[in-house]
Amino acid sequence: MKINRREFLSLSGKSAAGAVIFAACSIPEKELVVQSPVDMPEDLVRGIDSWYATSWGEGASGDGVLVRILEGRIKKLKGNPDHPVNRGGARTNLDRAIQLHYNPDRLHNPKLRRSKDGILSNTTINEMDKFIKEATSKGKKIVVVSNPTRSTEGWISQKFAESRGGRYLTFDTLDQTNLHEALYELFDTNEIPHFDIAHADNVLSFGADWIENWISPAQYGHAFGELRSGNRGFFAHVEPRFSLTSASSDLWLSPYPGTESEIALSIANVIIDEKLVPEAQINEFLNKFPEGKIQFGYNPEDVEKRTGVSQEKIKEIAHKISKGKSIVFAGGSTSAYTNGKFNTYVIFALNVLLGSIGKTGGVILNPEIDKENIGGSTKPNSFKDWQEEIAQWRAGYVDTVIIKGVDLVYSMPNSLDIKGALKNVETVISFGSMMNETLNSSDIVVPDTTFFEEWGSEIPNPLPGYLTVSLQQPVVVKEGPGATGAVSYVDTLLNLEPSISGSNKSLVKKVFDNEYKESNKSGSVIADDKNSFMNGVQQRGGYWNKSFSSEQKKVRLKNPYEFVSENSFSETESNYGEEFHLIPFSNVLMDGKLSNVPLAQQAPDGITTVAWQTWVEINIHQAEEMGIKEGDIIYLKSDSGEIKCLAYPHPGVQPGTLCVPTGQGTEKGGRYSEDRGSNVLKILSGKTDENTGAFAWASTKVSLKRAGGSEKLPKFEGEVTAFPVEPGVPVLVVKPGQTAHEAEEENHHKYQESINFRESHGISHSDDHADDHGNNMKENKEKNSH
Amino acid sequence: MGGLTTLAIFSILLAGLFNAWLGQPLPVLGFEQTVDQPINFPHTKHAAPVSEGGLGMDCTFCHRTVTKSSSAHVPAVELCASCHRAVGSYESEDLKKLRETSGIFENAEDKQVVVDSERASPINWRRVHRLPDHVRFVHSAHINYLTNHPSAIDNVPERLDIEGEESVPPSQVCSTCHGDVASMEKVYQVEPLKMGQCVNCHRKNGGPTDCAACHH
C-alpha cells in the first residue's frame, strides 16, 4: 500500500486525535484508587450522620454549635442544647454559615500584588510564604488586627505582635466602647455581666436589639423564652426604631435619639418621689449625685417634652419595675451617641436603685477570666484608638499590617480614608476565605480556613455567670488550594515565630489540660486523666463550671454627671427639619460578614421582610407629608458621603429618624454581594463620645433627597394573601383607626352570625369543607364541636 | 485509504467506549489477572480459618460498614496499626511500610518505637472490583438479604456447610459476588459483575428488576 506524504500526515493526525479521545474516555485514575484514611472513617459511612460539638467564634459570643456531617460534608448547624451560653438556641444567621464554607467564591489561591500600583494576581503557596516571611522578619514594625475575640487565636496574634515589638488591635464595627466603659465605671470589671433575664419578673432595656443581634442573641433569646414561659413577666423596651426586640416587648417607647438617659432618670425620679423601693436603696443610688438628688427637671412632665415619651408611660414603667425582680440594661444605639457613656451608665445605675445587682433575676457579675493560651481582648479598641492607629499607617510609620477576620475597608467611614492609609503601609497581609474590600486593598491575600476547619478555644463574652470555655474543633477536612488545603492563619503565625512553641491543636489542648488540672473533678467534664477529659470536652463542645463564679461585690457608684457629653441631637427638637438622624442597624448579614452568603441574602428582615436590598425606614406620616412612597429611590447625604436606598415608610420609626441596615453595598466581594445595595457605614460621620473616644455611630445627621425614580422593594410582606388557618374562622382585618381588640370583636360577631345562620338553616359546618380537607378533617371537626 | 482511516477511528472509539463503559477487565482476558497493591495484604493470613493457617478474622472486622452502608469500605490505617504496632515482625518490609504509613517508626539505634501521628498518611489501594458510575449497588441491602436467605448464596467455599441453615453470619455471604477471598493471596475478580448477572440473581430471588432499582 502506497502512502503519500499528505496521507501519512492525515493518518498521523487522526491517530493522535483518536488517542486523545481514547485517553479522555478512559476511567480516570482516581476512580481506580480506594483509600484507607488515617483515622476511622466515621464521617464517610453513607446514610449515617455524625454530630460534632464546636463553636462559632466570629460573633465573639462563643455559642455552642452542633454540626451534622454526612459523608464528610457539613449538612446542618444548630445550637448545642448542652452549652451554657445558648442552651440549644441559635442566632438567626447560624445555619447560613454553612455557605461561608461551601461557597463558589471561596478563595483557592493566594494572591500577590508585586508593586503598590500593581494588580493582585494568583501566586503559589511557596512564593506567598516567601513574601510573608520577608514582610514579617525581625525589625519590621508590625501591627496585627483581628475581630474582637478572647481565644487561642487571639493569644497567638498578641504573642506574635509582641515578638516583633508591634501592636495587636481589635476592631468592632458597631463600636461598643461606651458599654464597656460604663460597665467598668460601675462594676470595676471589663467583663460584661450576665443579665439574668430568664429569672426576672420585669425587664427594661434601652437601645439594644438583644432578641435579634445584640452581643449574645442566642443566649438572650433562650432567656426570653424562659421569661415568657413562666408568669410571662413584663418587658418594656426603649429604642427609636421598631426592631425585633421592640416588637417583642409589652411596652415600646420611642424617644428622640440620644434622650434615653432622661427617661431612665425620670423613671428613677418617680421611684424616689413615690418611695416605690426601700429607702436604703434610694440612699445608695443618690449617694454620689450632687447634693444627694437627681437634678431638677427630670420629672416625667418635663421629660415628656424633651424625649417625646408620654409621662404616663414613664410612670407606668416606674411602678412596674419597682415590684419583683427587675433588670435594666442598655446597649446598641443608646451607647452609640455622642453622650453614649452617660446614657449607658445612668441606665445601668437604675439596677442599684432597684436592688438588682448580684441577685437572681438581676445583673450578675461574671468572673474575670485570665487563662494561659487564651488572649485577645475583652474590650475592643475604641474608635479613637483606631483614628490614632490609622494616622500612623498614613504617615508610613508601619511596615506590615496583618489583618484577620475583619473587613476594615468596608466597615470604616469614608472620613477615615482607610484605603489611603493602607497604601502607605509597605505590606498589607490579609487572611480571608472569600474576597472582600480589605483583601482587595492588600498586597498579600491568603486563602484562609473557616471555623469548620480549625482548632480553637474561646471564652464567651458575656459569660453565663460562671467559667465557660468553648471548644472549636475541625469538623471537615480543609478545602482550598490542592492537597494542602486552605492556609491556616494561626499555623502561619506559629511557623513564623518559633518562640511560640506547639501547633494550634496542641495549644488548644493545653488550654483544656489546664482546665483539667484546675477542675478538681467538678464541672461539665469529670475524668481521671487529661486525655479522657479532652475527649469529654470534644463531646460537649467545651468546659464549664458553675463553682467558678464571681463574688457579687458592691458597685462603685459615681456622680453620673461626670460622664456627661454633649448630645449632638439635642438641638433638633422639632424632628421635622431638613436633617434626619441616621441610625444604622445590623440584621442577618451582620457587618457584611455574611453578605456573600445567598442563604443570608435571601433571609427576610425580621420587621420589614425585605431581602437583597438596602432600604431606609422612614416614619410613615412623615413620608406621606413628603410624598415618599415605598420603593422610591432616596439619596442620603452626610458629611462623610452619600448612599442610595429604597424608601420603606413604616409607622414604627421616630419622626425625624431614618434607619438603614448594614451589610450591603460591598464594592469587592463575591457574586452575591458585589454591587448590591449600599454601605451605610461609609457615610457615618466620625463623631465620638469625647469622654471615651467611642465611635458615636448613631449620631450622624443626613439630608434626604429623592432621585425621582422608584423600584420594587423585594419583600416577603404582602406577597401571600391571608387565608383562614382554621376553616370557618375569618381572617382578622384591622381597619384604620381600629384597635385589634375592636376588630376581634367585630369579626367574632360576624363569625357568630354565620354560625347562627347555619344552625337555623340546618347546614352542617363541616360539610362545606369536606371537599377541601377530606374526611379526617371532618371527623376532627365533629369531635371538636362536641 | 478512507476505509482504513474509518476503521482505525472506529476501533479507537470502540475501545474507548469499552474501556469507559465497562470499567472492568474483560472476561475474555480472564478474571484472575489482578493488580499489585502498595502493601501486600494477604487475605489468606487474616481471613482464612485457623485450621488453614489463618487467623479466622471476620470480614466485618475490617470492612465494618458493609452491613450498614452502601459501601463496604476499606479499613482505616489506624485499625491496621492497632494490631500491627505490636503484632508481626519488625523485619517484614510490608509491615514496615504499614507502620510508617501509620506514623510508627523504629529508631535504628536503640530499636525504640516512636509514634508520630502527624507523619501518618493514607494508603491508596488499587481497586479490584468496580461497578460503572451509573450503577448504585448497596452492600447493606444485599448482605442483609443473603444472611437471612442462605440458599441464595453462590460460590460457597467447600469448608462451609450452610445447607439447611436459616441464617448465616454476614462474612459467609460475600462469596456470592467476590468468591472465596479468604483463600486468595492477592484478591482478584471472580464474577463478571455485569447487569446480566445482577438481573438473573434478582429474578431468581424476587428482587426488583425495574431500572430505577440500580440506575438512579
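Six strands of chain A form a closed barrel in the order S23-S27-S24-S26-S25-S30, with mixed pairing. Neighbouring strands of this sheet are turned by 45° against each other on average, direction ignored. This is a predicted model: local features need pLDDT of at least 70, side-chain atom pairs count only at pLDDT 80 or more, and totals for chains, interfaces and linings use all residues. Residues are numbered from 1 along each chain as its sequence is written, and chains are lettered from A in the order in which they are written.

**Barrel strands**
- Strands S23 (residues 579-585) and S27 (residues 657-661) of chain A run parallel, joined by five bridges.
- Two strands pair if DSSP finds at least two bridges between them.
- A:Ile583 has A:Cys659 in S27(A) as its bridge partner.
- Helices (H or I, at least four residues) and strands (E, at least two) are DSSP runs, numbered from the N terminus.

**Helices H9 and H12**
- H9 (residues 279-286) and H12 (residues 340-354) of chain A pack at about 150°, their axes 7 Å apart.
- H9(A) is therefore roughly antiparallel to H12(A) (angles over 145 degrees count as such).
- Axes are lines fitted to C-alpha atoms, for helices over the stretch in contact, and angles run from 0 to 180 degrees between N-to-C directions.
- The contact (C-beta atoms, placed from the backbone, within 7 Å) includes A:Phe285 of H9(A) and A:Leu353 of H12(A).

**Helix H4**
- The 12 residues of H4 (residues 152-163) of chain A should span 16 Å at 1.5 Å a residue, and the end C-alpha atoms are 16 Å apart, which agrees.
- The expected span is 1.5 Å times one less than the number of residues.
- Just after H4(A), A:Gly165 takes a positive phi of about 70°.

How values were computed: Parallel < 35°, antiparallel > 145°, perpendicular 65-115°, else oblique. Contact = placed C-beta atoms within 7 Å.
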